[in-house]
Amino acid sequence: MVKFKLVTKTYGEVCALKDVSFEVKDGEFIFLMGPSGAGKTTILKLILKEIFPDTGEIHVGGVDVSKVSEKDLPGFRQKVGCVFQDFKLLNERTTYENIEIALAVLDVPESKWKERIEKILKMVGLFDRKNLFPSQLSGGEIQMASLARALVVNPDLILADEPTGNLDWDKADEIMELLEGVNKEGKTVIVATHNKEIVNKMKKRIIKLASGKIIKE
Amino acid sequence: MNYQLKSAITSIKRFPFQALAAIFLLTVTFLVVTILSVVSYSSSKVIKYFETRPQVIAFLKDSATVETISALQHKLQNDMRIKEVKYVSKEEALSIYRDATVDNPLLGELVNPSIFPASLEFSLNDLSHAQGVIEELKTEAIVDSVGFTASLGGEKSLGDVVNRLREITLYLKLGGGFFALLLVGTSFLVLVVTLGMRIASRRGEVEILNLIGAQKSFIKKPIIIESIIYVLVGVTLGWLITLIAILYVAPSAINYFGEIPILPRDPLMFFSLFGIILLGEAVTGILLATLGSNLALSRAGRKK
C-alpha cells in the first residue's frame, strides 16, 4: 500500500528524513514511533503529497506520488483518510457539518449523507454532540470528530498523526480500538505517535524513528 | 442545502459588515445604472420626438389634379421613411393662415385662397432621411417646391438641426456611459477587495479542503456564489429603489413633458422596460461577480 525508497526530506538546513525506506502492506496496521522531530509527521505529509521529497521514491496504492499531477491530486487524497495532529476541523461548523464536508468533497449524493454521518457519529460516540461546534467539544471529542471525518469516506488508507495526543488513557484506548476495528475491515492504518503505552498494548508493527532515520523496525 | 451555497451564506453571516459594504456599493451602482438606463431610454425618446417633429411640406402646383395628388399621397404613405401624410387643400391653408393671423384680422382678409398652394405635409421616421426625401420630392412633376420646418435652439437649416441633435445624443451617451463605467469599475474593485478579504479569512478552510481532496472548483464555488449573492442583492435593491422612485415621479414628469413620450404610458410596456433593465443588469452583475471572484481567487493563489 505504501512504499518509501531512500526518501530524504530537508527543511532548509534541517534534515527531517534521511534515506528512509520501508513498506506497508495492504491491510496492515503500523505505528511510526519516535520523539518530536523524529520525522513521523513528515512521513505522513509526504504520503499525502502535502510536501515533496528531496530525493527518493514514494508509492501509495501502487501510484508513484511524484507523478500525481496537480489535477489528479484531489482524487488521490480522497482515497486517504487523515486524522491531523491539529485536528483541522472547521470551527464555524458543527460536528455534523464537519463530517458532511468530507462527503460533499467526494460528491457523494446528498440523499446518502444522513445515514452515513449518523452511523459514523454513533460509532465514535458523538451522536448526541452532532450539533455542537468544535469549541464546545472536549479534546477527546474533537479528536473523535476528526477521526469520524476521516472514516466517513471509507478510505483505503488511514493516516493518524498523534491521534491520542494529550488524551487520557480511556479516550486514547477508545480511539485505538476504533482504528483497530477499521483495520480489521481491511483498511491500512498508519499511526504516528509517541505514546509508548498505547503502542505496547496494541502489539502491532512498529517503525521507530529518530532524527529522521529509521532506528528500529 | 447545497454545501457550496451553505458555505457562502455562512461566510456572509460571519462577516456581515464586509457583506453590507459590498452590497451597499453595488446597490448604489445599480441604482445609478438603472437611472441611467431610464434616462437613456427617455432621452432617446425625446430625441426621436424632436427628430420626427420637423415637417416636410410639398407645395403642389396649381396644375395638380385630384388623381395626381392622390397618387403622390399614396406613394408617400407607402414610404417606410415617412409617416403621417396629410393633404392640405388651398382652403385649409387659408384657414391655417387666418388662425395664425388672428391678432391681425386685416392680414387675413387681404388674401384669397387662390394664393395659397395645396400641399402634402408629413413627418419623418428619422431625421437622417430628410435630405433624401426632400431631393426625391423635388423631382415629382406636381411638386412646386419643398419646405422643411425644423427649429431647435435657433438653427434653421436641416444640417444644423441634425448636427445639434446628434451632439445632444452623443453627450448624453458619453457622459452617462462614463459615469456608469466609473461606478461599475469602482464596484468591481470593491467586490474584488471584499472577496480577497474573504479568501484570506478562509485560508484555513481552503487548506483543510485541499487536504481532504477537494477539487479546485469545489473550493472556488462558495466564493463565486457569495459574490453572485452580493451582486444580485445589489441589482435587485438598486432596481427596486429606482422603480419605486420613478413610479412616484412618473405622473408629474409625464404631465410636465406633455406629448413627449419620455416613458411608456402603457403599464405593460412600462414594466417590460423595467424587466429588460433588470435582466440586463442581472446578466451584467453575474458576469461582474464571476470575473471579480476569479480575479480575487487568482490573486490569492499567487500570494500563497
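This is a predicted model: local features need pLDDT of at least 70, side-chain atom pairs count only at pLDDT 80 or more; totals for chains, interfaces and linings use all residues.

Q: Which residue of E9(A) is the bridge partner of A:Phe31?

A: That's A:Ile206.

Q: In which sense do E3(A) and strand E8 (residues 188-193) of chain A pair, and over how many bridges?

A: They pair in the parallel sense, over 5 bridges. One spot to look at is A:Met33, whose bridge partner in E8(A) is A:Thr193.

Q: Next, burial. How many residues of strand E3 (residues 29-33) of chain A are buried?

A: For burial, you count C-beta atoms around a residue's own, and 20 or more others within 10 Å makes it buried. Here 5 of the 5 residues in E3(A) pass, so by that cut-off the strand is mostly covered.

Q: Which way do the side chains of E3(A) point?

A: A:Phe29, A:Phe31 and A:Met33 point one way, while A:Ile30 and A:Leu32 point the other way. Both sets are buried.

Q: Now the chain contact. How many residues of chain B are in contact with chain A?

A: 12 residues of chain B, and they touch 14 residues of chain A. On the chain B side, the elements giving two or more residues are helix H1 (3-14) and helix H8 (203-211). H8(B) gives the most, with 4 residues.

Q: What classes of residue make up that side of chain B?

A: The side touching chain A has 7 nonpolar, 3 polar and 2 charged residues.

Technical notes: Residues are numbered from 1 along each chain as its sequence is written. Chains are lettered from A and ligands numbered from 1 in the order in which they are written. Two residues are in contact if their C-beta atoms, placed from the backbone, lie within 7 Å. Ala, Val, Leu, Ile, Met, Phe, Trp, Tyr, Cys and Pro count as nonpolar, Asp, Glu, Lys and Arg as charged, and the others, Gly among them, as polar. A residue is buried if 20 or more other C-beta atoms lie within 10 Å of its own, exposed if 12 or fewer, and partly exposed in between; C-beta atoms are placed from the backbone. Two strands pair if DSSP finds at least two bridges between them.
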